[in-house]
Amino acid sequence: MNLAPDAELLALVQRTRACVERDVLPLEHDFLARPFRELLPRLESARARVRALGLWAPHLPQAWGGLGLALPAFARLAEELGRSPLGPLAFNCQAPDVGNMELLLAHGTPEQQQRFLRPLAAGSLRSCFSMTEQEHAGSNPVLMSTCARRDGDDYVIEGRKWFTSSADGAAFAVVMAVTDPQAAPHARASLFLVPTDTPGFRLLRNIPVMGEVGADYFSHAEVAYEHCRVPGSLRLGAEGAGFALAQERLGPGRIHHAMRWIGVAERALDMLCRRAATRLLAPGRPLASRQAVQHWIAESRVAIDAARLLVLDAAQRIEREGAAAARVAISALKFHVAGMLDQVLDHALQAHGALGLTDDTVLAWFWRHERAARIYDGPDEVHKSVVARQVLKPYGVDVEV
Ligand SMILES: Cc1cc2nc3c(=O)[nH]c(=O)nc-3n(C[C@H](O)[C@H](O)[C@H](O)COP(=O)(O)OP(=O)(O)OC[C@H]3O[C@@H](n4cnc5c(N)ncnc54)[C@H](O)[C@@H]3O)c2cc1C
């Protein structure tokens with residue numbers, strides 16, 4: 001297993017880091033202090049510089065305007081981008097668009113690719129993914145009330161979703177809806193591309209999360225689909241394939257998140273160390289002179305390095321064997337890296353004292369937003385059961401997930 005980047009990748013990582021430092025980090029002050037939409041023109045300028053530097057959309061094939069990186073190489077870059085909340089957006093590889101791009105690439109018809117993927121790849125519009133419903137356990141997404149009824153050549157979608165991230169300002173949603181309630185549980189639902197200006201698409205509200213209502217890309221919406229009619233040509237993939245496609249989307253999606261979280265953790269550790277070195281408890285006695293703080297730093301350093309190895313190893317396995325074969329490795333890193341992030345952020349925040357709770361640094365934003373890492377794309381407990389199932393198999397125990 002060779003996890004070291006080669007010289008070419010190292011140079012790309014360094015260019016990416018330099019671009020984040022020069023073009024993205026300076027936007028953070030206003031990002032934390034001002035309404036997000038006010039920042040959009042400056043974010044667009046940063047995106048233009050990313051394009052000009054040839055760093056745009058690292059995950060996309062070159063034919064679609066991207067860098068065509070394999071997953072392990074993308075992992076390295078995603079870590080650099082994760083150091084800022086704005087990094088992935090500036091490089092056009094942000095969730096949920098990145099997953100929708102991959103779905104469209106693999107399963108979109110040529111017409112769907114031209115209409116939806118082309119502008120998504122160019123960064124001229126955004127999208128969202130609408131699966132979870134408030135009244136059903138999202139950790140078992142075969143439970144679903146939203147349905148899409150055939151009506152001639154069209155489908156008519158009825159239902160209500162929540163936590164549709166980034167629906168505010170999105171041009172279209174990828175919606176999961178039941179097309180055959182009588183089918184086997186995993187074959188009941190299908191995916192649909194629903195332009196958000198379709199009559200019946202109603203964004204009811206941006207849901208307040210940890211005290212923030214959010215706006216535009218940084219928001220999570222409740223959405224009603226009321227007699228929402230779409231032509232059959234906007235079904236994505238085969239009828240009944242919705243669950244399988246959503247799983248296919250989530251596998252690499254979990255890796256993308258984990259790679260970003262490592263960048264978040266590196267940023268938090270850097271801030272922790274800076275604070276420890278400069279905050280004086282008494283003349284000549286910085287915070288770093290205390291053993292408790294040294295332990296936070298040592299534990300964080302090792303936890304991040306171990307998590308990175310886990311992610312890179314899984315990324316290589318996905319590249320070699322596909323996401324299905326690497327399923328247990330993906331579950332393992334999902335809960336492990338999310339837990340590591342939680343711990344490192346907590347240490348960094350603690351070391352900043354009251355300042356850590358303010359929005360004068362990016363730590364509180366990360367803490368508010370990344371606590372969700374242990375819930376979305378499968379809660380910790382589900383992924384732990386997946387790993388335990390494999391570990392216990394030789395002992396004759398069949399763990400239910
Ligand atoms: C910030 C954020 C963004 C999101 N973005 C999107 C999005 O863009 N699109 C979308 O469709 N959805 C999105 N979601 C929804 C997300 O996918 C669900 O929250 C997730 O699947 C969990 O479902 P749930 O919230 O219904 O929790 P539930 O399924 O009700 O689970 C609640 C808790 O029960 C425990 N639990 C669940 N299952 C098990 C089990 N098998 N064993 C033991 N314990 C268990 C876990 O602790 C879990 O946290 C987002 C969620 C968040 C927080």
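1. Of the contacts in the chain with a separation of 6 or more, 70% are between residues 24 or more positions apart. Two residues are in contact if their C-beta atoms, placed from the backbone, lie within 7 Å. The model is a predicted one, in which local features need pLDDT of at least 70 and side-chain atom pairs count only at pLDDT 80 or more, while totals for chains, interfaces and linings use all residues. Residues are numbered from 1 along each chain as its sequence is written.

2. The secondary structure comes to 13 helices and 10 strands; these are DSSP runs numbered from the N terminus, with helices (H or I) of at least four residues and strands (E) of at least two. The chain has 401 residues and a radius of gyration of 22 Å, close to the 21 Å of the globule rule, so it is as compact as a globular protein of that length. That radius is taken over C-alpha atoms, and the rule is 2.2 Å times the number of residues to the power 0.38. The C-alpha trace spans about 80 × 60 × 45 Å along its principal axes.

3. Buried residues make up 44% of the 401 residues. A residue is buried if 20 or more other C-beta atoms lie within 10 Å of its own, exposed if 12 or fewer, and partly exposed in between, with C-beta atoms placed from the backbone.

4. The largest nonpolar core has 109 residues, and Phe 192, Ala 268 and Val 311 have the most contacts inside it. Helix H8 (residues 242-278) gives the most to this core, with 14 residues. Such a core is a set of buried Ala, Val, Leu, Ile, Met, Phe, Trp, Tyr and Cys residues joined through C-beta atoms within 7 Å. Leaving aside neighbours within four places in sequence, Val 311 is in contact with Ala 75, Ile 255, Ala 258, Met 259, Ile 262, Leu 333 and Val 337.

5. The chain is divided into domain 1 (7-108), domain 2 (127-236) and domain 3 (244-395). These bounds come from an automatic or database domain assignment. Between the C-alpha centres of domain 1 and domain 2 the distance is 26 Å. In the contact between these two domains, 11 residues of domain 1 meet 11 residues of domain 2. On the domain 1 side, helix H3 (36-52) and helix H6 (97-107) each supply at least two residues, and H6 gives the most, with five. By class, that side has five nonpolar, four polar and two charged residues. Here Ala, Val, Leu, Ile, Met, Phe, Trp, Tyr, Cys and Pro count as nonpolar, Asp, Glu, Lys and Arg as charged, and the others, Gly among them, as polar.

6. The shell has 19 residues, of which the closest are Met 131, Ala 137, Gly 138, Ser 139 and Glu 381. Strand S1 (127-130), strand S3 (154-165) and helix H13 (380-392) are the elements that give two or more residues to this shell. A residue counts as near the molecule if its C-beta atom, placed from the backbone, lies within 6 Å of it. The shell divides into 10 nonpolar, eight polar and one charged.

7. Most residues other than glycine have a negative phi, and most peptide bonds are trans. Ala 95 and Pro 96 are joined by a cis peptide bond, with omega about 0 degrees; Pro 96 lies in the loop between helix H5 (87-90) and H6. Asn 92, in the loop between H5 and H6, is not a glycine but has a positive phi of about 60 degrees. Asn 92 counts as buried because it has 25 C-beta neighbours inside 10 Å. His 227, found in strand S7 (residues 220-231), also is not a glycine and has a positive phi of about 50 degrees. With 11 other C-beta atoms within 10 Å, His 227 is exposed.

8. Val 230 is found in strand S7 as well. It is buried, with 22 other C-beta atoms within 10 Å. Not counting residues up to four places away in sequence, Val 230 touches Asp 154, Tyr 155, Ile 157, Phe 192, Val 194 and Thr 198.
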